[in-house]
Amino acid sequence: MGEPEPETEAHRIAAEARDRVRFEEEALELADQVYRVARRLVGSREEAEDLVQETYGRAFRSWRSYTPGTNLRAWLLRILTNLNLDRGRRIQRSPDFQPIEEGDYYLANKVAEAQGEQALDQDRVVERLSQDSIVNALSSLPHDFRDTVVLVDIGEFSYADAAQILDVPIGTVMSRLHRGRRLLKSRLADEAVS
Amino acid sequence: MSKGPCEACEELLQGYLDRELTDDEVSLAESHLDGCEYCRRRYRFEVSLRRYVQTTAVERMPPGLMEKLAELRSAGA
């Protein structure tokens, strides 16, 4: 077929520039949501800001590897969690051994014991927990558990999306989520009934 | 408090809360909740807790970050 027509080539370049601009705009619209997740994955606001900037830098460079129509927020979070792991997180992976966990109902049972079964019917029963204690309890979770709990409970990702973002089987997401939430609840229990 | 018989449901309700159950499991969870006040109360508590953790743990993007991100767009373009 020979060399592409100069006009066709110009069209292709123009179309690509449009695609790129659209990609960048869509990605930026998600920045607040990406930040919210990032903030709970790392220890400080500064770290979260750096991580989000690094993520967007990489995303803008490798925008061609994003498939339009797929979940862009999950795609961005996958870059972010990988960068977070690359920042030396791997060396402090959570040990296999974890303290014995209480059941899913542990916190509810504690509240019921302290305040009676009817207390569980009230939405405000949880408001006794301060923002600090929730944030601290989340950040005290072993990394693997925290990543999963933050993606699903704060980021509202499905199990399948979380599995893809973290590059682990869906069963691993489920078990980390399960154990992470149990640990979280056991760490909140003292304050909930104080 | 009949804790023993509800241990299986305890786990089922997590998936129910996450809307990740199959249709059959959803029916199972719902018919259990219909008949079990113990689990119904705890399910309700879990819903409040989940919502509360979600709203309390959210921190908005710091001012200025959006501009920094926008500057990273296709360098030179």
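## Confidence of the model

What is the mean pLDDT of chain B, and what share of its residues reach 70 or more? The structure is a predicted model, in which local features need pLDDT of at least 70, side-chain atom pairs count only at pLDDT 80 or more, and totals for chains, interfaces and linings use all residues. Residues are numbered from 1 along each chain as its sequence is written, while chains are lettered from A and ligands numbered from 1 in the order in which they are written.

For chain B, the mean pLDDT (the predictor's confidence in each residue, from 0 to 100) is 86, and 90% of the residues reach 70 or more. The model scores ipTM 0.85 and pTM 0.86.

## The contact between the chains

Chain A places 38 residues in contact with 30 residues of chain B; two residues are in contact if their C-beta atoms, placed from the backbone, lie within 7 Å. On the side of chain A that touches chain B, H3(A) gives the most, with seven residues. Helices here are DSSP runs (H or I, at least four residues), numbered from the N terminus.

## The nonpolar core

The largest nonpolar core has 54 residues, and A:Val34 and A:Ala38 have the most contacts inside it. Such a core is a set of buried Ala, Val, Leu, Ile, Met, Phe, Trp, Tyr and Cys residues joined through C-beta atoms within 7 Å; a residue is buried if 20 or more other C-beta atoms lie within 10 Å of its own. Helix H9 (residues 170-193) of chain A gives the most to this core, with seven residues.

Among the residues that A:Val34 touches, not counting those up to four places away in sequence, are A:Val52, A:Arg73 and A:Leu80.

Definitions and conventions: Helices (H or I, at least four residues) and strands (E, at least two) are DSSP runs, numbered from the N terminus. A residue is buried if 20 or more other C-beta atoms lie within 10 Å of its own, exposed if 12 or fewer, and partly exposed in between; C-beta atoms are placed from the backbone.
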